[in-house]
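Here is a short report on helix packing and aromatic rings. Look through the structure first, then read on.

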Amino acid sequence: MWCCVYPGDASNKSYALQVALIISADGAELCLCLGSGTSQIRVPELRQDGEDYLERLQAKLRSAPEAVVGAVTRALPKDVRYLTAWRRPSGASEFESLRDWLAYAGSAQGTQASVSRYLSTKELEALGDGIADEYLDMLQAAAPLFDYCFGNGYVEEDEELEEEPPTATFDLDVRTRASTSPNDLPEDDEELEDEPPTATFDLDTLRARASALPYGLQIADEVYRAVIAAVRSGKHLILTGPPGTAKTTLAEVLCQLAADAGFCRGYTLTTATADWTTYETIGGLRPAGNGTELRFHPGLCLDSATNGRWLIIDELNRSNFDRAFGQLFTVLSGQSVVLPYDDHETRKRIVLAVDGGAHKYRPSRYSVIEVPRDWRIIATMNVFDKTLLFEMSYALMRRFAFVEVPAPDTAVYETIWQRELDELTAADAAQVGQILGGLERLRTIKQLGPAVFKDMAGFARQYLAAGGTGSDGTLAFQLFYSFLLPQFEGIDERDARRLFQTLTPVVGPQRERLATALREVLGVTLSPDDDELGEGA
């Protein structure tokens with residue numbers, strides 16, 4: 001016997017995330033799992049819809065934030081197994097953590113992936129009707145993941161949020177609004193028009209959402225104000241700043257707000273690469289299903305624009321702009337453009353028309369694709385790539401607004417890392433805080449965002465929980481080596497000496513390991529005088 005809970009907008013449980021109860025002669029299996037990815041649906045269009053739904057779901061599983069992963073991990077029963085499939089014999093986990101399992105479940109091979117808890121026949125008989133409570137506990141443990149994949153996103157309990165009524169609930173009948181599910185969206189525009197906006201696109205709402213958990217961003221109002229102004233004035237947006245200042249998170253919160261305010265149907269998040277061409281962004285020819293012809297297939301930008309989704313491009317500086325965006329430069333500057341491709345159905349040349357420019361092209365000759373006036377690209381860029389930054393700004397400054405997301409004051413860093421240390425004893429928290437405070441002084445050499453210090457605090461907490469100590473300098477050295485050392489690649493000899501001298505009091509007895517790491521990894525030379533300065537600092 002098999003029963004399960006899965007989202008109401010899924011066409012079939014075979015393509016959905018579900019919490020299932022499987023009862024057999026061997027006992028019971030409670031599992032958070034993916035469907036098989038196949039079904040007996042005979043209508044090709046419906047089957048394709050299910051497969052597309054599963055693909056979008058798997059992308060969400062791969063991108064689940066740490067707040068969601070941590071909440072589910074803490075709530076799951078301690079005896080669950082992370083497996084590649086349900087209905088496997090009870091045994092050891094095949095993955096070490098929920099994060100590893102999500103990476104597999106989100107891959108092409110991830111159908112049937114299961115987080116399973118097994119009950120023997122005796123345990124099942126002893127529970128009786130109590131199996132319903134066990135099932136609901138499993139369902140509740142999975143709630144943050146369901147909320148993230150299908151609803152407004154997971155928000156931890158917080159006294160400051162009690163006055164804010166929830167905008168989405170997780171229950172046994174999971175139904176989601178089109179505006180709050182970025183990737184699972186109806187194609188019928190009339191259906192969207194029946195759904196009124198649920199949020200106001202303004203500074204106060206953006207700040208409230210970004211500062212609430214699980215994000216907990218602490219960004220100056222001037223940044224929120226500039227972001228809102230850029231979007232409302234018709235600009236695409238590029239967020240610049242040092243690594244770790246939450247540019248990507250801010251972009252996601254902004255797009256979620258835009259969806260709830262009725263500006264778009266959701267968003268797509270992607271990361272730029274050096275290999276990008278117009279094939280990835282605008283589109284190109286691909287073999288058709290019959291294998292006898294080539295058909296134009298839209299790229300990321302065109303696909304998101306025509307489906308009413310905003311596009312977040314993370315680390316835009318990795319791409320070669322001319323090669324990656326081509327004709328899109330013209331579109332982003334507000335002009336329509338003719339693509340060198342024909343529509344496979346009409347056999348007419350494809351035109352990207354913006355701002356109502358479709359009337360300029362004869363329907364007898366052109367197949368027009370309209371780019372919505374409200375469509376936006378929200379990109380992030382590392383501020384240290386100044387050559388690329390200026391090169392791009394000259395080419396696209398008419399349509400892009402550059403908004404800096406600077407690193408905050410030291411007090412904000414301390415607040416952020418203290419959140420991660422709440423579970424430690426006062427003595428351990430003070431010791432880790434002192435180490436992080438010493439590492440924070442490295443910002444005088446190169447700017448470092450607060451996100452990396454949040455990650456270091458989480459690492460330190462687990463390091464101490466595993467029996468480590470912060471008293472001999474090993475933890476301080478490990479934090480620097482694991483999280484900060486790559487950030488200093490390319491520094492000159494002068495800054496290398498400053499780096500060593502600043503770190504020596506922090507790592508203490510690990511000074512020689514530090515000197516060796518700087519020489520071998522950064523390729524810098526340290527003199528005996530540097531050792532003496534570091535020792536006396």
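**Helix packing**

Helix α2 (residues 66–75) and helix α5 (residues 131–150) have axes that come within 6 Å and cross at roughly 160°. This is a predicted model: local features need pLDDT of at least 70, side-chain atom pairs count only at pLDDT 80 or more, and totals for chains, interfaces and linings use all residues. Residues are numbered from 1 along each chain as its sequence is written, and side-chain values use heavy atoms, with hydrogens and water left out.

Helices are DSSP runs (H or I, at least four residues), as are strands (E, at least two), numbered from the N terminus. Axes are lines fitted to C-alpha atoms, for helices over the stretch in contact, and angles run from 0 to 180 degrees between N-to-C directions.

How are α2 and α5 oriented to each other, roughly parallel or roughly antiparallel? They are roughly antiparallel (angles over 145 degrees count as such; under 35 is roughly parallel, 65 to 115 roughly perpendicular, the rest oblique). Their crossing is left-handed (the near helix is turned anticlockwise from the far one by less than a right angle; clockwise would be right-handed). On α2, the contact (heavy atoms within 4.5 Å) is made by Val68, Ala71, Val72 and Ala75. On α5, Ala141, Pro144, Leu145 and Tyr148 make it.

Helix α1 (residues 44–62) packs with helix α3 (residues 98–105) at about 155°, with the axes 8 Å apart. This pair is also roughly antiparallel, and its crossing is left-handed. Gln58, Leu61 and Arg62 of α1 meet Arg99, Leu102 and Ala105 of α3.

**Aromatic rings**

The whole structure holds 15 aromatic pairs. Rings of Phe, Tyr and Trp (its six-membered ring) pair if their centres lie within 6.5 Å; planes under 30 degrees apart are stacked, over 60 edge-to-face, the rest tilted. Two of the pairs are tabled here.

| Pair | Centre to centre | Angle of planes | Class |
|---|---|---|---|
| Phe95 and Tyr104 | 5.2 Å | 40° | tilted |
| Trp276 and Phe325 | 6.4 Å | 75° | edge-to-face |

Phe95 is buried at 16% relative accessible area, while Tyr104 is partly exposed at 22% (buried is under 20%, exposed over 50%, partly exposed in between, with a 1.4 Å probe and protein chains only). Trp276 and Phe325 are both buried. Trp276 lies in the loop between β7 (266–271) and α10 (278–281), and Phe325 in helix α12 (residues 321–325), so their pair ties together parts 49 residues apart in sequence.

Tyr53, Phe146 and Phe150 form one aromatic cluster.
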